[in-house]
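Here's a quick briefing to read alongside the model. Take a look at the chains first, then work through the notes by topic.

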Amino acid sequence: MKRLINLLLPLCGIGMALAVWWAASVAVPDLPSPVRTWDESKLYILEPLAKRGESDQGILLLAYYSLMRVARGFLLGIAIATPLGFLLGVSSTLTKMFDPIMQVLRPISPLAWLPLGLVLFQKSEPAALFAIAVCSMWPTVINTMMGVRAIPQDYWNVAKVLRLSRMTTFTKIIVPATLPYMFTGYRLSLGIAWLVIVASEMLTGTPGVGGFLWQEYNSLVYAHILLAIITIGVVGFALDRLMGMAEARLRAS
Amino acid sequence: MAFLEVRNLSKSFPSPAGARHVLSGVALDVDQGEFVSIVGTMGSGKSTLLSLLAGLTSPDGGTVVLDGKPVTGVRDDAAFVFQNYSLLPWFSALENVRLAVQAAFPNETAAEQTRRATEALERVGLGNALDRKPRQLSGGMRQRVSLARAFATEPRVLFLDEPFGALDALTRDTLQQDLAELCAGRERPVTTVMITNSVEEAILLSDRIVPIVTGPPASLGASIPVELARPRTLAQLAHDEQATHARANVVAALTASMQRRNRSVSATATTALSTTEPVKEAL
């Protein structure tokens, strides 16, 4: 009974959101209703892997392009952010040195980084990766740093008493103790990376969910805008859940 | 010359109200193979003293000389057991002990190191819990792992910081016996300095008891020998004349220092009301 309610309640919420959407579509003639959106989008959803043209592709294929781009940008970002976080966590001198820069760079929007990336790399693909990496790295830097700082004195004492080398202290104590914090950082970073991808695809017009969204807006196919928005949301949610599950497993072990 | 020589040791910590002097004028001699317990109440600076002896922290003044060499850091022939186990939760019992063995015997093969660690755990009765993580072990078992880790490195000096303070009374009794056996069953004598707040524990395990003269700043009182045959049991200690004598002496020394401090504190309080320079008066 309780399970049934737990299943029905979210469905009620979705139903209400659809009702609001439908009401808005009545008020704004340009906005397609849920039914019209489905009608115009079902080709993309029912043939999710079809490739009819450069940007006229199944929704899964489009999402796949975006995900690949996000994966590369995200990996680049955390490859820089993780060691940086460890360094800042261990050294208060480095923290004092770089904290102001970090605080200034952190709130900069991906839309601002992208043109700089285009200037630096000339091409849209590396520019997009650059924007994703630069925007998404901060939660990982900060969480890793916090994780290192939160290592209990007991563990440092163990390292001291056992006279562990720097390398052993790092691999056997600092990394395992920081791992849960690091993963929280990764989850937040991935969330940001997914936010950035849409903006960067819109600006550069590369194929992907964001590129598709912008192109369909320009072609006045408004139903596909909604399709793209929903896809972005669902994929983002799935990514967060996956990272959350990885994180939970890590904490349990 | 004693194996461990402590002379005129002092330590203070910065605090918002100026430096807090925790220890001053601490002197101690420990012979090779001797088991010395330093007994004092909580917050009397015992742990600070042990950290200084072990080289975990450095003193403001005075010297610690161990085996003819001044102590400047943690020695490679010393081992430490903390009150709160200090095991790494992401490693199994075996891995925790092996980490210490690897650091102490870097030239041995991995198989040799594993054998050492396994043997150390078997000696404390944990042969069947090698693969368990610390959180799957009871408090007593964790402290056994901690003891195994300390003895696995074959130390010449052992520092024990209230090793059984976090355990319930029954577990405490059995672990005290285990420790006594570990100390007795070694080819090479291990010199041990233990911090404790239990007079009974000190009598059970030590050759000599040194009471803390309560401060701050604290120092050490005259040492009280415990001349009892080993192995000792708690039951036997309850009726033994020697043990009763030692117990009375330690308790007397501790209470005398407590009363002195309480008097000086109340003297400070009363003079503070009447004179303009209360602190000088009280001192």
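Two strands pair if DSSP finds at least two bridges between them. Helices (H or I, at least four residues) and strands (E, at least two) are DSSP runs, numbered from the N terminus. What you're looking at is a predicted model, where local features need pLDDT of at least 70, side-chain atom pairs count only at pLDDT 80 or more, and totals for chains, interfaces and linings use all residues. Residues are numbered from 1 along each chain as its sequence is written, while chains are lettered from A and ligands numbered from 1 in the order in which they are written.

**Strands in chain B**

- Strand β6 (residues 78-81) of chain B runs parallel to strand β7 (residues 157-161) of chain B, and 4 bridges join the two.
- Across that pair, B:Val81 sits opposite B:Leu160 in β7(B).
- β6(B) is covered on both faces: B:Ala78 and B:Phe80 are buried on one side, B:Ala79 and B:Val81 on the other.
- Buried here means 20 or more other C-beta atoms within 10 Å of the residue's own, exposed means 12 or fewer, and partly exposed is in between, with C-beta atoms placed from the backbone.
- In a regular strand, side chains alternate between the two faces of the sheet.
- Chain B also has an open sheet of 4 strands, in the order β2-β1-β4-β5, with antiparallel pairing.
- At its edges are β2 (20-30) and β5 (69-70) of chain B, each pairing on one side only.
- Within chain B, β1 (residues 4-13) and β4 (residues 61-66) pair in the antiparallel sense over 5 bridges, and B:Leu4 stands opposite B:Leu66 in β4(B).

**Chain A overall**

- Chain A has 10 helices and 0 strands.
- Its C-alpha atoms fill a box of roughly 70 × 60 × 30 Å, taken along the principal axes.
- Of the 253 residues in chain A, 36% are buried.

**Where the chains meet**

- 12 residues of chain A are in contact with 12 residues of chain B (in contact: C-beta atoms, placed from the backbone, within 7 Å).
- On the chain A side, α7 (153-161) and α8 (166-204) are the elements giving two or more residues, and α7(A) gives the largest share, 6 residues.

Terms used. Contact = placed C-beta atoms within 7 Å.
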